[in-house]
Amino acid sequence: MTSEYKKGIFFALGAYVLWGILPIYWELIDHIGAFEILAFRIIFSMIFMILLLVVGRKQREAFLRDVNQLFIHPVQLVAIIVAGYVITINWGTFIWAVTNGHVLQSSLGYYINPLVSVLLAFIFLKERFNKFETLAIVSAAIGVIYMTMKIGEFPIISLMLAFSFGIYGLLKKLVRVEAMSGIAIECIVTAPAGLIYIIYLWQAHQSSVGLNMSTFLLLFSGAVTAVPLILFSAGARRIPLSL
C-alpha cells in the first residue's frame, strides 16, 4: 500500500466523519429556510475558498494552472461545472430533509450512497472486486434493504441524496484537478445562482437572516461545507471510487 493510497483513505475517512456529525450543525440553524441556508452556504463557501487561494501561494498557482487546463479540455470544464450543480442539489436536499424532520431518510441516503458509488465505479471506471469485497457489498445491500423496509415509505429523499452524491463522486474521479482547485471552481460557478436567490428573498422581504444566533452560525457554513469536500476530493484522487 503506497503512501498516497494511505493518504487517500485518511482524507476520505476524515470527510465522512465530518459529514456524519454535521447534521447537528444544520439543526442549530433551522430557524432559517432550507434554500436560504443553501444560497448562503454556496456564497460563503466561495468566499472561504477564495481566501484559501489568496493566502496559499502553491494553491493559487495550482488553481491557475488547473483553470488553464480546463479551458484547454472543455469536456472536463463542463464536467466540473455539472459537478458543482449536482453537489448543490445534494446540499439542498440534505438541508431541507434535516430541517423538515426527515433525518432517517437522510441517513438512509448515505447508506445507499456507497452502493451507488460501487455501481458507478463498476460501470464507468471498470473497477472489479474480490470475494471479500463482494461479500461486503452484498452485506451492505441487505442492510440497506432492511432499513428501507423499516422506514415504511418510498425513500425518494434517500435516493436523491445517494445518486446525486454518487454522480458527484464519479465526476470528481474523472476530472483531474487539485482538490482545492476543484472545490473553488465549483463554488465560483454556482455562486451566481445563490446570489440571485438571496437578492430575490431580500426584495420580497422574505429573508430570515438577522441579528440572531442562527445567522451568526450561518457565517461558518462556508468552512463547514468546503473542508469535508476538499478532503473527499483529495481522497478521490488517490483511491478507487468503490473504496
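Mentor: A residue is buried under 20% relative accessible area, exposed over 50%, and partly exposed in between (1.4 Å probe, protein chains only). Keep in mind that this is a predicted model, where local features need pLDDT of at least 70, side-chain atom pairs count only at pLDDT 80 or more, and totals for chains, interfaces and linings use all residues. Residues are numbered from 1 along each chain as its sequence is written, and side-chain values use heavy atoms, with hydrogens and water left out.

Trainee: Thanks! Let me start with Ile95: buried or exposed?

Mentor: Ile95 belongs to helix H4, residues 74-99 (helices are DSSP runs of H or I with at least four residues, numbered from the N terminus). The relative accessible area of Ile95 is 0%, so this residue counts as buried.

Trainee: Which residues does Ile95 touch, beyond those up to four places away in sequence?

Mentor: A contact here needs heavy atoms within 4.5 Å. Ile95 and Ile37 are 58 residues apart in sequence, yet their C-alpha atoms are 7.8 Å apart in space. With residues up to four places away not counted, Ile95 touches Ala34, Ile37, Leu38 and Arg41.

Trainee: And what is Ser214 in contact with, leaving aside its neighbours within four places?

Mentor: Ser214 sits in helix H9, residues 213-218. Its relative accessibility is 5%, which means that Ser214 is buried. Its contacts, once those neighbours are set aside, are Leu28, Ile29, His31 and Ile32.

Trainee: Now the charges: how many salt bridges does the structure hold?

Mentor: The criterion is a side-chain nitrogen of Lys or Arg within 4 Å of a carboxyl oxygen of Asp or Glu. Some of these bridges form a network that links Glu4, Lys7 and Arg238. For the structure, the number of salt bridges is five.

Trainee: What separates the closest N and O atoms of Arg57 and Glu61?

Mentor: Both residues lie in helix H3 (57-72), four residues apart, about one turn of the helix. Arg57 is exposed because its relative accessibility is 61%, whereas Glu61, with a relative accessible area of 40%, is partly exposed. In their salt bridge, the closest N and O atoms are apart by 3.1 Å.

Trainee: Which helices hold Lys172 and Glu186?

Mentor: The side chains of Lys172 and Glu186 meet in a salt bridge, 2.6 Å from N to O. The pair ties together parts 14 residues apart in sequence, because Lys172 is in helix H7 (156-174) and Glu186 in helix H8 (179-203). The helices are therefore H7 and H8.

Trainee: Are those two side chains in buried or exposed residues?

Mentor: Lys172 has 8% relative accessibility, so it counts as buried. For Glu186 the relative accessible area is 3%, which means that it too is buried.

Terms used
Helices (H or I, at least four residues) and strands (E, at least two) are DSSP runs, numbered from the N terminus.
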